[in-house]
Each structure stands twice: as structure tokens, then as C-alpha cells.
Amino acid sequence: MKSIPHIRKILFTLLASFFLISCNFRAAGPAQPAASAIPQSEPTGTMPAVNLATGAATTGPAATGTASPCATSPDGTLRLCFLNLTDGQTIAATPGQPITVSAEASGATVAGISLSTDVGGYAQFVENSKGSDPFRADFSWTPSLGSGAYRLTLETLTADKSESTSVALSATVTGLTSVSPTPSLAPGAVPAAVKDQVVGIYSKLFGINIVTPVIARKFRYGVEDPWISTAYIGNEFYEVEIYPDGHTAAYVNPIFPNTNIDLKNSYFKEPVCRPAGVYSMLVVFLDFGNLSAGKDEILSDLAAATQTVNGEYAAYPSAGSGSAPILQIQTTGVILPVPKEIKGKLISLDQVRAYTGVDPLKFQWLAQVDLDSTSTFRATIPAPNSFGYAFSNCPAVRSQPNIQVTVDAKSELAGQGNRLADTLLSHEVFHLFGYPASHAWPCINSVTQKDAADECVDTTIPALMLGWVDTDGDGIPEILDSTPYGIKNS
Ligand SMILES: [Ca+2]
């Protein structure tokens, strides 16, 4: 699958309503960040869960300019503008100081504003926690590739997700050292200095002493992809990122049922789901009646997709060959002709009960799959080339689906790389586990394995990042290990 990286970066995580969008893209066009092992005919991707790290207040140089670009939503109510940048502007940056990018949404109460860049792995979301209108967000942007050309995209979405809009501009950054986009290291080689830096960040920032950290890096865009380290320890999930230009980022998020959020250092602003165990998912298919797919066929395809991913997940056993898989997903599908009031929207829990007679609260995850050749839902959101979104982490079932996926053609229901296995039951589920909107996780199960995947799916499982691999040599996968990553009991 190829994806449109740049558009992909347009992910959203709406904290107010707990929404973290991730999507699989299906755009044609040149393989941007790289081709993956997925069939090329139907590029998929997941949408970036946008970095929930706060993009608030910055002290760096503010770019200046006039006539900053704006965009308005289709119904004309929602307006989104850059405040301090113009298209084609040159930004004189100072090494070590992030660039302030200011944006404003007005005309409706938005969930927040996201900023993403086409290259460099930047994707941040600023939540409109006070429900302000107009709402201003100030992002702190460090161009990971140093001096050079970037395209910046803002996105916003109303709190009720009824309207969205996005606006983009191009800018040239000067004053920084440029980073070559050509990899200079072997993909599997983790330099000792990188390991030392990662270990130091865990210790200094989080007070934990990891002996054998998981560290890997994908070569999707070249060297701008950061070294990534993840760690699921107790009821906390950590991620450390070291970028080619030397800047670092580190996050901690509670793992549900822990709900104690460190707002300063969190990425998602809500707990992630633990990537282990047996999860139940209610899949509500909204049939727009234009795919010529029968109910039996749809349910059969869901069952087949479920079997497929569970078979792939079973390759990662809990305690050695033949033991129970670390992760399994149980799905229950219901199909209904899409009610008029739900067309292009997310179904509510009450509507699920009313139309299907099934209580979504009896499941851990609720998914909405639009069977719709016209992509009605997708057309209403900022990244219409995406075909899957994750809107939450854990606890999963709240007021709306955790995941929405669009199936645009009957052929996408089955076969290799089908949207149920490839998008719904893997890529979007990974987002619930902490897979970031930047899609920067290497989709591998070994630190020595080369990884060219753009976005992780069931055939490119980010097992190493999910803690499904035993990396400290005691025979227990780290996600199940009481002393993971070589941590010593003391
Ligand atoms: Ca272990």
C-alpha cells in the first residue's frame, strides 16, 4: 500500500470527545513515504493520530507575514486560518528554538486544531478544552529536517464532528543545519549513543531504569524518521523519540484502567488500551445500498477477516510456542440500511441500541463500517483520502464509535489487504494501543529487521513496539513481563 504521507499526517485526535483519528489512505499517486509490503493497488494507511502533546505556548521565534491563508467549511460556518504565516514565506529559524505557528478557528466550537508537516514527522493537536470560539492554538514546531521546504497543514473539526476544514501553506525554513534525507546508517543498527540517550531519558524524565530498551527506526522517509523506543511498564505506556536533528520527544500515558493522566507529558491525553488480552468489538455496518453486498456475505467476510488477523496475532504467543496468543479480537457484526440521520455521521450509542437492539456497552470496542461507494462520511472530514479513523483510546466505548472505516467497493471486503483485516482489525486497533498519528513506529518484530512499511497493518505488525517480543531474554514477551526491558525488581 502506498499512502499519501502528507495528507496522512492530517490526523486528528480530539480530546474533548476523545478522538484520535487515524486513517488508511487510498490515494494513488507516487509512493510518498515509501511502499509497504501491502498490495499496491489499494494503498492503505492509517491516519495519523495526531500528537496530542500540547502545542501550547512557545517561546521561539514567531514567523511573520501578512495575508495568512484561511479556509472555510463547506457549509460556510467554520473558518480556519493561519495567523502568522503566509504561503511561500521564508522563516528565519534559530537553532534550538522551535518556530511558533499560530492558528485560529472561528464560527463554531471546535474540538481543537491540528498542525502537521509533510516531512519531518511533525503532527500536533491542541485541544479546545474550554470550548472557546474563536479558538487560537499556538504550536511549537521544530523542523526535523532543518533548513528546507515544508508544507504545513492545519485541520479542525467541530466538537460534534458535523463540520471540518483544513488549510495548508508552503514555507521555507532557513538558519538551521539541513538534514540529509538519505539514510546513513544501516536500518538495524542502533548506535550505542542512541541507546544511552534513550536510557537516559527514561531515567531522567520518568525515573525508570531500563536495561534493554526497545529501540528501532523505520526508513520510511529516510533519516527524518526518528529512533523510537516504547515501553509498556505496569500501568504506564512510554514513548521516546530521537530525531535526526537531535531533538527529542518523550511521552507517558496511562494504560487503562489506569486513568491518571500526566497532562504535561502525555501524548493522547487519555489512557491507551493494553495491547494484550481478548477484546470484543461490535461492528455496525451502515449499508448505503450501493455496494451490492448481501448480509450473509458481509458477515462472512467479517468472520474471515477476524480469523485472518487472529491467526497473524497468534504468531506472537504469550509464553512460548503453542501457548495462547498475546492478543485476540472477537467480532460481532450487525448490518442495517443507513438511517437518513446517520448518513455522513458517526452513529451514537443510543442509535446503535435503537436500530440494532444490541447494547454497545457489552463490548469493549465499537466500530462503524460504512458500506458506501460514495464515501459519504469520509467526504466530511479533513482527510478524505483516508479510509479509516480511530477516535479514542481506552476506555473505548463512550458516546460514539472508537473506529470508523469506509468500504468503497465490494471487493474491499475480502481478499488480501481487505479493509476489514487491514484497516479495521489491525491498523486502527494499533492506534488504540498507542500507535501515534505520525505513524513513526517501525512495523517490525526485530530490531535487526529492515522496515520499509509506511503504516503498520496486520501483515506488518509493529510487534516490537507493542511489547510482543521478548527483548530482555527471559522468555517472556515484554507486554506480559513483570520485569520488562531488563528492569530489575528492587
Ligand atoms: Ca522478557
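Q: At what angle do the axes of helix 3 and helix 5 cross?
A: The axes of helix 3 (residues 295–313) and helix 5 (residues 419–432) cross at roughly 55° and come within 9 Å. Axes are lines fitted to C-alpha atoms, for helices over the stretch in contact, with angles from 0 to 180 degrees between N-to-C directions. The model is predicted: local features need pLDDT of at least 70, side-chain atom pairs count only at pLDDT 80 or more, and totals for chains, interfaces and linings use all residues. Residues are numbered from 1 along each chain as its sequence is written.

Q: Why is helix 3 called oblique to helix 5?
A: Angles under 35 degrees count as roughly parallel, over 145 as roughly antiparallel, 65 to 115 as roughly perpendicular and the rest as oblique. The crossing is at roughly 55°, which makes helix 3 oblique to helix 5.

Q: Which residues in helix 3 and helix 5 meet?
A: Asp301, Leu302, Ala305, Thr306, Thr308 and Val309 in helix 3 meet Leu420, Ala421, Leu425 and Ser426 in helix 5; contact requires C-beta atoms, placed from the backbone, within 7 Å.

Q: What makes strand 16 and strand 18 edge strands?
A: Strand 16 (327–337) and strand 18 (388–390) each pair on one side only, where pairing requires at least two DSSP bridges between two strands. The open sheet has five strands in the order 16-15-17-19-18, with mixed pairing.

Q: In which sense do strand 15 and strand 16 pair?
A: Strand 15 (residues 277–287) pairs with strand 16 in the parallel sense over 11 bridges. In strand 16, Ile335 is the bridge partner of Phe285.

Note on methods:
Helix = DSSP H or I, 4+ residues; strand = E, 2+ residues; numbered from the N terminus. Contact = placed C-beta atoms within 7 Å.
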